[in-house]
Each structure stands twice: as C-alpha cells, then as structure tokens.
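Dear colleague,

Please find below the structure I wished to pass on to you, followed by a summary of what was found in it. I would be grateful if you could read the two side by side.

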Amino acid sequence: MPDSYVAKPLDARRIDQAFPVVQTVLPRLGLERWRAYAAEMIGATPAEIGAAPGKVVKLPIAQPTGIIVAQLRHGYIHGLFAYTVLPNLCHGKVLQVDLMVAADMFDPAAIAEALLAEMDRLARQLRCDAIHLSLPKPPAGSQYDRILQLGLVSEGVRLCKSLAPAEAAG
C-alpha cells in the first residue's frame, strides 16, 4: 500500500521542483513564465526563488492566492493546484482553481483525492461558498473520470479567445 499524500503550500525554494509536474499538462510553458506565475501566486520575491530582480515579471493577480502541492514522505511533488479566491455572482465567494495536476503513472486518482480534499478544507477555511475547478477537456477514461465521481459536477464549459500575440515558450 503506498504512503498517503500530504498537501501543503508550495515553498518558494521548490518552485523549480514543481515545474516538471506542471509541464505534464502545459508542455509548452517556459520556466521563466512558471517562475513568475508561481512567485506571484505564493507572494515570493525574486530573491526567494533564486532569480535576479529584473528576471521575474509581476503578473496582475487578485488576492488571496496560492499553490498547494501533493507529495509523499520523500518530498517529491506529484501534483498541485493553484487557487484564487474571487467573488462570484451565483455562488458568492469562490475558491477558483484554474490549474490542477495529478502527475503519477500508477495512481493519479490518489493524488487527485488528496488535492480535492485540500481544496475543500481550504475553501472552508477561507469561508468560500463554492469551489470552481477548471480542467482541460480530458480524454475518455482519464483521471478526471474519478474526479467527477468525488462529488464535483460539471456546470458548463469555459471557453477562451486570446487576443494577445502568442508568447514564445522560454
């Protein structure tokens, strides 16, 4: 029986360690873009993540925000989610999760369960009225089938049309 996953906030010193996990769902994402996003989401300074002050571009992100990682006892990151607390017309205050990754070849459902349990705990702690989880369209038979069996229901589809020029992966 495998150890259980522990969910905890991403530490600034481990931003680079989380990058390969994120790349499993965003393979074109560049390291500098990830560093900037993660640093802003967890409130880290460039010095805390080992980057030169001019290298990290600040992104306009609402507060409170954060990134939670799922790891086993050995400390390797196997999954994560990034969240923002936002007002919502239909639900009041929501924990908005736009990035969730469960990267394990053998048991992604266990990671997903640990992350979803932490989302629920965090949403209650932050006095949110709902959790909004955006996931990419999954292939049939994927790890997301199990997520939908854990009490989340599909409320719709999120569409996006980007008007910005494509950014080079860097």
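**Charged pairs and the sheet**

At 25% relative accessibility, Glu32 counts as partly exposed. Its salt-bridge partner is Arg35, with N and O 2.7 Å apart. Arg35, by contrast, is buried, because its relative accessible area of 16% falls under the 20% limit. Both residues belong to helix 2, where they sit 3 residues apart, about one turn of the helix. Please bear in mind throughout that this is a predicted model.

In total, the count comes to 5 salt bridges. As a general point, side chains of opposite charge can pair when their charged atoms come close.

Two further salt bridges deserve mention. One of them links Asp120 and Arg124, whose closest N and O atoms are 3.0 Å apart. These residues are 4 residues apart in helix 3 (residues 108-125), so about one helical turn separates them. Asp120 is partly exposed, with a relative accessible area of 33%, whereas Arg124 is exposed, at 62%. The other joins the side chains of Asp11 and Arg13, at 2.9 Å from N to O. Here Asp11 counts as partly exposed at 30% relative accessibility, and Arg13 counts as exposed at 66%.

Turning to the sheet, 5 strands form an open arrangement in the order 1-2-3-4-5, with mixed pairing. Its edge strands are strand 1 (6-9) and strand 5 (130-133), each of which pairs on one side only. From one strand to the next, the twist averages 30 degrees. Strand 4 (residues 92-102) pairs with strand 5 in the parallel sense over 4 bridges. Within this pairing, Val94 has Ala130 of strand 5 as its bridge partner.

Two helices lie across the sheet strands. Helix 1 (residues 15-23) lies across strand 3 (77-88) and strand 4, and runs at about 85 degrees to strand 3. Helix 2 (residues 31-42) lies across strand 2 (65-71), strand 3 and strand 4, and its angle to strand 2 is about 105 degrees. Helix 2 is also the helix that holds both Glu32 and Arg35.

With kind regards

Technical notes: Residues are numbered from 1 along each chain as its sequence is written. This is a predicted model: local features need pLDDT of at least 70, side-chain atom pairs count only at pLDDT 80 or more; totals for chains, interfaces and linings use all residues. Side-chain values use heavy atoms; hydrogens and water are left out. Two strands pair if DSSP finds at least two bridges between them. Axes are lines fitted to C-alpha atoms, for helices over the stretch in contact, and angles run from 0 to 180 degrees between N-to-C directions. Contact means heavy atoms within 4.5 Å. A salt bridge is a side-chain nitrogen of Lys or Arg within 4 Å of a carboxyl oxygen of Asp or Glu. Buried means under 20% relative accessible area, exposed over 50%, partly exposed in between (1.4 Å probe, protein chains only).
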